[in-house]
Amino acid sequence: MNSPALCRIILTIMNIQALKQQAGEYAAAFVQSGMIIGLGSGSTAIFATRRIAQRLRDRDLRDILAVPTSLATEAAAIELGIPLTTLADQPGIDITIDGADEVDPNFNLIKGGGGAHLREKIVAQASERLVIVVDDSKLVDQLGRTWALPVEVIPFGWQSQAAYLESLGATPVLRLQGDQPYQTDQGNIILDCDFGPIPDPAALARKIRSRAGIVEHGLFIGMAKDVVVASKSGLRHLRKP
Ligand code: 5RP
């Protein structure tokens with residue numbers, strides 16, 4: 001690759017990072033003192049987590065407890081000094097801020113690009129309010145347009161689950177880390193399933209879940225209440241009516 005092309009790629013990555021930062025930091029302002037919060041996973045949610053830590057240090061925020069959605073987020077929160085709790089101690093969460101891989105016009109999502117969608121969904125379902133933070137490249141008119149659907153399966157007999165997903169119209173690919181299967185925080189594996197555009201996400205979600213061995217898929221239907229979108233032309237805070 002020639003150096004102008006490389007420079008353009010680096011600039012694009014830097015611009016997207018700046019948009020992720022704007023979205024994440026904006027949403028961090030929704031957190032109020034005394035709240036139980038869910039900390040999302042990924043390169044956008046981390047900006048919200050860092051901003052929340054900054055607000056704690058500035059004493060702009062007090063008495064919050066956080067439930068992380070992955071081991072990586074847990075490690076980051078510990079390093080940043082955010083007090084943690086668990087769903088065992090705090091089964092109800094006031095607000096969760098998380099990223100997404102795709103967002104459709106009804107605020108349905110594909111998540112799991114970072115492999116954390118199982119814990120993310122558990123935390124989202126326990127949350128009063130799920131705020132999604134994205135750059136505008138994540139907005140799609142139909143889920144499945146740009147992203148394969150991550151499906152977490154237990155390792156035992158996973159090939160049988162891959163065949164089932166294929167029968168539903170997917171092209172499943174085993175996610176790798178190096179030359180080994182990627183391992184989730186639960187010790188499971190992930191099949192990235194290209195379904196193409198998904199006309200009825202809720203129906204597909206039901207079919208996927210009906211199979212033993214499939215632990216969770218990355219379709220988040222009707223869970224997000226707010227989407228904060230950062231783009232070159234500014235920030236938009238979209239709210240579900
Ligand atoms: C991890 C996720 C992430 O929220 C999603 O992949 C978006 O990540 P990023 O903000 O890095 O683009 O679902 O499982």
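1. A pocket here is an open set of points on a 1 Å grid over the protein atoms alone, with protein on both sides within 12 Å along at least five of seven lines; its lining residues have an atom within 4 Å of a point. A volume is the space filled by probe spheres set on the points.

2. This is a predicted model, where local features need pLDDT of at least 70, side-chain atom pairs count only at pLDDT 80 or more, and totals for linings use all residues. Residues are numbered from 1 along each chain.

3. The largest pocket holds about 330 Å³ of space. Its lining has 22 residues; Ser41, Gly42, Gly113, Gly114 and Glu120 lie nearest the centre. By class, 6 are nonpolar, 11 polar and 5 charged. Asp, Glu, Lys and Arg count as charged; Ala, Val, Leu, Ile, Met, Phe, Trp, Tyr, Cys and Pro as nonpolar; the others, Gly among them, as polar.

4. The second largest pocket holds about 170 Å³. Strand 2 (65-68), helix 3 (71-80) and helix 4 (117-125) each give its lining at least two residues. Helix 4 has the largest share, 3 residues. Helices (H or I, at least four residues) and strands (E, at least two) are DSSP runs, numbered from the N terminus. The lining includes Val67, Glu74 and Arg119. It splits into 6 nonpolar, 3 polar and 2 charged residues.

5. His117 also lies in helix 4. It counts as buried because its relative accessibility is 0%; buried means under 20% relative accessible area (1.4 Å probe, protein chains only). Beyond neighbours within four places in sequence, its contacts include Lys111, Pro150, Glu216 and Phe220. Contact means heavy atoms within 4.5 Å.

Technical notes: Heavy atoms only, no water. 1 Å grid on protein atoms, 1.4 Å probe; cavity = no way out; pocket = protein on both sides within 12 Å on 5 of 7 lines; lining within 4 Å. Buried < 20%, exposed > 50% of the residue type's maximum accessible area, 1.4 Å probe, protein only.
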